[in-house]
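Good morning, everyone, and thank you for making the time. I would like to walk through the aromatic pairs and the charged pairs of one structure, so please keep the sequence and the model in view while I talk.

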Amino acid sequence: MVRYDDPVEVRTGTGQEGPAQFLWRGRLWKVREVLDRRSQELPRRELWRVAAGRGRLDQEGRAADVFELAHDLRAGRWQLLAVGSGVGE
């Protein structure tokens with residue numbers, strides 16, 4: 001996993017808890033699967049590990065990459081913490 005500390009804009013789906021899509025560095029990523037969700041006390045935030053992709057398959061044939069997202073519950077902000085190689089290779 002490559003570490004980041006980048007702000008992201010997250011969109012949630014209707015009737016869906018957590019991220020459905022997110023905008024990172026000008027690119028829209030669609031969440032394909034929530035892999036893990038944890039709560040953290042200090043700082044108070046939710047940590048999400050998701051598989052997300054930009055299309056059906058990327059250029060290397062992967063269905064999705066793994067992203068770690070953090071939701072600051074007090075401020076309402078989302079951060080991208082890490083990105084890992086593909087799921088479904």
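Let me begin with a term that I will need throughout: a residue is called buried if its relative accessible area is under 20%, exposed if that area is over 50%, and partly exposed in between, with a 1.4 Å probe and protein chains only. What we are looking at is a predicted model, in which local features need pLDDT of at least 70 and side-chain atom pairs count only at pLDDT 80 or more, while totals for chains, interfaces and linings use all residues. Residues are numbered from 1 along each chain as its sequence is written, and side-chain values use heavy atoms, with hydrogens and water left out.

Let me take the aromatic rings to start with. A pair of aromatic rings is described by how far apart the centres are and by the angle of the planes. Here, rings of Phe, Tyr and Trp (for Trp, its six-membered ring) pair if their centres lie within 6.5 Å, and planes under 30 degrees apart count as stacked, over 60 as edge-to-face and the rest as tilted. The structure holds five such aromatic pairs. One of them joins Y4 and W24, whose ring centres are 5.2 Å apart and whose planes stand at 75°, so this pair is edge-to-face. W24 counts as buried at 10% relative accessibility, whereas Y4, at 25%, is partly exposed.

Another of the pairs is made by F22 and F67, with ring centres 5.0 Å apart and planes at 70°, so it too is edge-to-face. F22 lies in strand β2 and F67 in strand β5 (residues 64–72), so the pair ties together parts that are 45 residues apart in sequence. F22 is buried, with a relative accessibility of 0%, and F67 is buried as well, at 1%. Which residues form one aromatic cluster? They are Y4, F22, W24, W29 and F67.

That brings me to the charged side chains. Side chains of opposite charge can pair when their charged atoms come close. I call it a salt bridge when a side-chain nitrogen of Lys or Arg is within 4 Å of a carboxyl oxygen of Asp or Glu, and the structure holds eight of them. In one, R25 meets D6 at 3.0 Å, N to O; R25 is exposed, at 59% relative accessibility, while D6, at 17%, counts as buried. In another, R11 and E9 meet at 3.7 Å, N to O, with R11 partly exposed at 35% and E9 partly exposed at 42%. R77 also forms a salt bridge with D72, where the closest N and O atoms are 4.0 Å apart.

Finally, R3, R49 and E68 are linked in a network of salt bridges. Leaving aside neighbours within four places in sequence, E68 is in contact (heavy atoms within 4.5 Å) with several residues, including M1, W48 and L80.

How values were computed. Helices (H or I, at least four residues) and strands (E, at least two) are DSSP runs, numbered from the N terminus.
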